[in-house]
Amino acid sequence: MAERKAREDRVITDIRDQAKTESQRKSAARSKRIVAIILWILAIGCEVAAVILFKKLVVLWPCLLALIVDAILCIVAAQFWKKANHIDPPAGKFWQNQFGAFMAVLAFAPFILILLTSKDVDPKFKKILTVVAALCLVASVGLSIDYNPVTIDDLDEAELNALGYGGECYWARYSKSYHFDPDCPTLLRSKEVFHGTIEQAFEEGRTDPCDFCAGGKEQKENSGE
Ligand SMILES: [Zn+2]
């Protein structure tokens, strides 16, 4: 491989001293999951409030407000949930990782169903509420999906591969990949590089092994991707 030089202003930020122990990671993930569940309960509460407000609709804004607060709570809850799954990855890929998207559907679909099947409602009100509820549903689901889901198997495999590197790796500010070689050609272009443990990389959403220096290519070939 041709020798390449790192940019001269490159900064490597060492965050290894902030690494959590396994029990600290588990408890941090647990707290985040509890916060997420509380926020989802409040979101469902807003949905119920929106249904009640809609049933005795006189003015529109309280119902709209309930829907918007519902959406905000769902979106914030899902960010806590996703972060927890990256700190302490679940065993299954789909169900637990995408639980936020499921909760977002639950926080809007029943309201929309009740809205659409209701008669004797001012058609103008109905139209506005349908549009707002649909937008809230789409935004909440879209922002609740984990587009980079990880399982405990992914982390176990990464930890195993990192053993030869002291369990440490490198990553750039804007990339999904982690690297074992700080001078990896794909890292040399980055102005800021972080140096931490493999668990920290996962926590930061760096879950993709670099094709050049972290065996990503072999892993993808083995998994038939
Ligand atoms: Zn690399």
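Modeller: The part to look at is helix 5, residues 123-144, which has 22 residues. From its first C-alpha to its last, helix 5 reaches 31 Å, close to the 32 Å expected at 1.5 Å a residue. Keep in mind throughout that this is a predicted model.

Start with the side of the helix that is covered. The buried residues of helix 5 are Leu129, Ala133, Cys136, Leu137, Ser140, Val141 and Ser144. Viewed down the axis of helix 5, these buried residues fall within an arc of 120°, so they line one face of the helix. The face turned away from the buried side carries the exposed residues Pro123, Lys124, Lys127, Val131 and Gly142.

What covers the buried face? The cover includes helix 1 (22-55), helix 2 (61-87), helix 3 (99-106) and helix 4 (109-117).

Thr130 is in helix 5. Thr130 has 14 other C-beta atoms within 10 Å and is therefore partly exposed; the cut-offs are 20 or more for buried and 12 or fewer for exposed. Apart from neighbours within four places in sequence, Thr130 is in contact with Leu115 and Leu116. The C-alpha atoms of Thr130 and Ser23 are separated by 46 Å, and the two residues are 107 apart along the chain.

Asp120 lies in the loop between helix 4 and helix 5. With 4 other C-beta atoms within 10 Å, Asp120 is exposed. Its phi is near 55°, a positive value in a residue other than glycine.

Now turn to one of the covering elements, helix 1. Helix 1 has 34 residues, which at 1.5 Å a residue should span 50 Å; its end C-alpha atoms are 49 Å apart, which agrees. The buried residues of helix 1 include Lys32, Arg33, Trp40, Ala43, Glu47, Ala50 and Phe54. What covers the buried residues of helix 1 includes helix 2, helix 3, helix 4 and helix 5.

Phe54 lies in helix 1 and counts as buried, with 22 C-beta neighbours inside 10 Å. Not counting residues up to four places away in sequence, Phe54 touches Cys63, Leu115 and Leu129. Of these, Leu129 is one of the buried residues of helix 5. Phe54 and Val138 are 20 Å apart, C-alpha to C-alpha, and 84 residues apart in sequence.

In soluble globular proteins, nonpolar side chains tend to be buried together. In this model the largest nonpolar core has 33 residues, and those with the most contacts inside it are Ala43, Ala50, Cys74, Ala77 and Ala104. Helix 1, helix 2, helix 3 and helix 5 each supply at least two residues of this core. The largest share, 13 residues, comes from helix 2.

Cys74 ties several of these names together. Leaving aside its neighbours within four places in sequence, Cys74 is in contact with Trp40, Ala43, Met103, Ala104, Ala107, Ser140 and Ser144. Ser140 and Ser144 are among the buried residues of helix 5. A second, separate core of 18 residues includes Trp171, Ala172, Phe180 and Val193.

Last, the setting of the helix in the whole chain. The domain assignment gives domain 1 (22-144) and domain 2 (151-222). The centres of domain 1 and domain 2, taken over C-alpha atoms, are 34 Å apart, and eight residues of domain 1 are in contact with eight residues of domain 2. The chain has eight helices and five strands. Its radius of gyration is 22 Å, well over the 17 Å that the globule rule gives for 225 residues, so the chain is more spread out than a compact globule. Along its principal axes, the C-alpha trace spans about 75 × 35 × 35 Å. Buried residues make up 35% of the 225 residues.

Notes
Residues numbered from 1 in each chain as written. Predicted model: local features only at pLDDT ≥ 70, side-chain atom pairs only at ≥ 80, totals over all residues. Helix = DSSP H or I, 4+ residues; strand = E, 2+ residues; numbered from the N terminus. Expected span 1.5 Å × (residues − 1). Arc of directions from axis to C-beta. Contact = placed C-beta atoms within 7 Å. Rg over C-alpha atoms; globule rule 2.2 N^0.38 Å. Core = buried A, V, L, I, M, F, W, Y, C linked by C-beta atoms within 7 Å. Domains from an automatic or database assignment.
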